[in-house]
Amino acid sequence: MQNTDELYKYKEYALKVINGEIVAGSLVRLCCERYLSWFDNPNYEFRQSKADRPVKFIRVLKHTEGKFNNKPFILQDWQEFLVYGMFGFYHKGTDKRVVRNTYIQISRKCGKTSLASALALYGLIGDEESSADVYFVSPSAAQTNIGFRNATNYAESINKQNMFVCLRNSISTKLNKGRIKMLTSDAKLGDGYNPHFAIIDEYHGLPNNDVPNVLISGMGMRENPMMIYITTAGFNLSSACKEYRDMCVSILQGN
């Protein structure tokens with residue numbers, strides 16, 4: 001029997017995790033329960049057009065390497081679930097997004113950097129922000145170059161009208177005068193940063209929170225900024241990433 005809930009497609013992944021159709025660990029189940037509870041929160045409202053927008057945007061991008069070369073970037077179910085949660089919920093009666101910080105920890109070879117690069121490009125031109133500055137931070141120059149190459153390839157896959165200018169360490173656009181800037185964790189940052197998005201790739205490899213803290217402090221003038229931490233697991237149990245993960249687990253456990 002067809003489900004008549006108009007929001008079912010946004011809930012489907014979470015519901016399948018909870019009822020056991022999709023096998024997942026306890027933290028993923030808690031995350032799904034928390035997500036579903038927001039639909040019933042009287043202070044929040046779910047805006048379908050805002051949730052769909054990044055999914056449709058990313059679908060326009062094309063892969064440029066390997067067996068998926070020249071094929072559109074189609075998000076998997078779990079990736080759509082993440083994006084819906086990040087961009088779909090608003091404080092009721094306002095234009096303020098509920099989510100401003102996202103922590104994503106996934107296994108190696110699950111497309112982590114590709115997703116991060118696509119979100120960076122969405123933050124640049126898709127999120128309806130004027131002069132959108134996006135910062136992509138990695139612990140090493142090698143990792144930064146991987147992310148930057150992905151973002152550049154995605155930009156060039158839709159650059160039919162010369163919307164983007166891709167340089168060695170930045171991507172700028174004439175559409176809204178925004179830019180993507182690549183940084184390493186040892187970058188010397190001063191004042192003057194005004195990020196709309198900041199993406200911390202391989203967060204577990206950062207020696208401290210100095211760069212993320214500077215970027216967060218610069219977001220105050222943005223309407224709907226987004227801080228995204230995306231990482232595989234690390235071995236340093238006293239790192240900034242481990243501390244942030246512990247806080248997220250505590251939130252999921254209701255503490």
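In the predicted model, Arg-53, Pro-54, Phe-57 and Ile-58 of helix H3 meet Ala-118, Leu-119, Leu-121, Tyr-122, Ile-125 and Gly-126 of helix H5, where contact denotes heavy atoms within 4.5 Å. The residues of this contact of H3 with H5 divide into 8 nonpolar, 1 polar and 1 charged, with Ala, Val, Leu, Ile, Met, Phe, Trp, Tyr, Cys and Pro counted as nonpolar, Asp, Glu, Lys and Arg as charged, and the others, Gly among them, as polar. Because the model is predicted, local features require a pLDDT of at least 70 and side-chain atom pairs count only at pLDDT 80 or more, whereas totals for chains, interfaces and linings use all residues. Residues are numbered from 1 along each chain as its sequence is written, and side-chain values use heavy atoms, with hydrogens and water left out.

H3 and H5 pack at an angle of about 110°, with their axes 10 Å apart; axes are lines fitted to C-alpha atoms, for helices over the stretch in contact, and angles run from 0 to 180 degrees between N-to-C directions. The two helices H3 and H5 are therefore roughly perpendicular to each other, given that angles under 35 degrees count as roughly parallel, over 145 as roughly antiparallel, 65 to 115 as roughly perpendicular and the rest as oblique. Their crossing is right-handed, a term applied if the near helix is turned clockwise from the far one by less than a right angle, anticlockwise being left-handed. Helices (H or I, at least four residues) and strands (E, at least two) are DSSP runs, numbered from the N terminus.

H5 (residues 112-126) also packs with helix H6 (residues 141-157), at an angle of about 55° and with the axes 9 Å apart, and H5 and H6 are therefore oblique to each other. The crossing of H5 and H6 is likewise right-handed. On the H5 side, Lys-112, Thr-113, Ser-114, Ser-117, Ala-118 and Leu-121 meet Gln-143, Ile-146, Gly-147, Asn-150, Ala-151, Tyr-154 and Ala-155 of H6, and by class this contact has 6 nonpolar, 6 polar and 1 charged residues.

Within H3 (residues 48-60) lies Asp-52, which counts as buried at 13% relative accessibility (buried means under 20% relative accessible area, exposed over 50%, partly exposed in between, with a 1.4 Å probe and protein chains only). Apart from neighbours within four places in sequence, Asp-52 is in contact with Lys-9, Tyr-10 and Tyr-84. Tyr-84 is among the buried residues of helix H4, which spans residues 77-87 and is mostly covered, 10 of its 11 residues being buried.

The count of aromatic pairs comes to 20, rings of Phe, Tyr and Trp (its six-membered ring) being paired if their centres lie within 6.5 Å, with planes under 30 degrees apart counted as stacked, over 60 as edge-to-face and the rest as tilted. Phe-46 and Phe-89 form an edge-to-face pair, 4.9 Å centre to centre with 65° between the planes; Phe-46 lies in strand E1 (residues 44-46) and Phe-89 in strand E2 (residues 89-91), so the pair ties together parts that are 43 residues apart in sequence. Both Phe-46 and Phe-89 are buried. Tyr-203 and Tyr-229 form a tilted pair, at 4.6 Å centre to centre and 40° between the planes, and both are buried. One aromatic cluster is formed by Tyr-10, Tyr-13, Tyr-35, Trp-38, Phe-39, Tyr-44, Phe-46, Phe-81, Tyr-84 and Phe-89.
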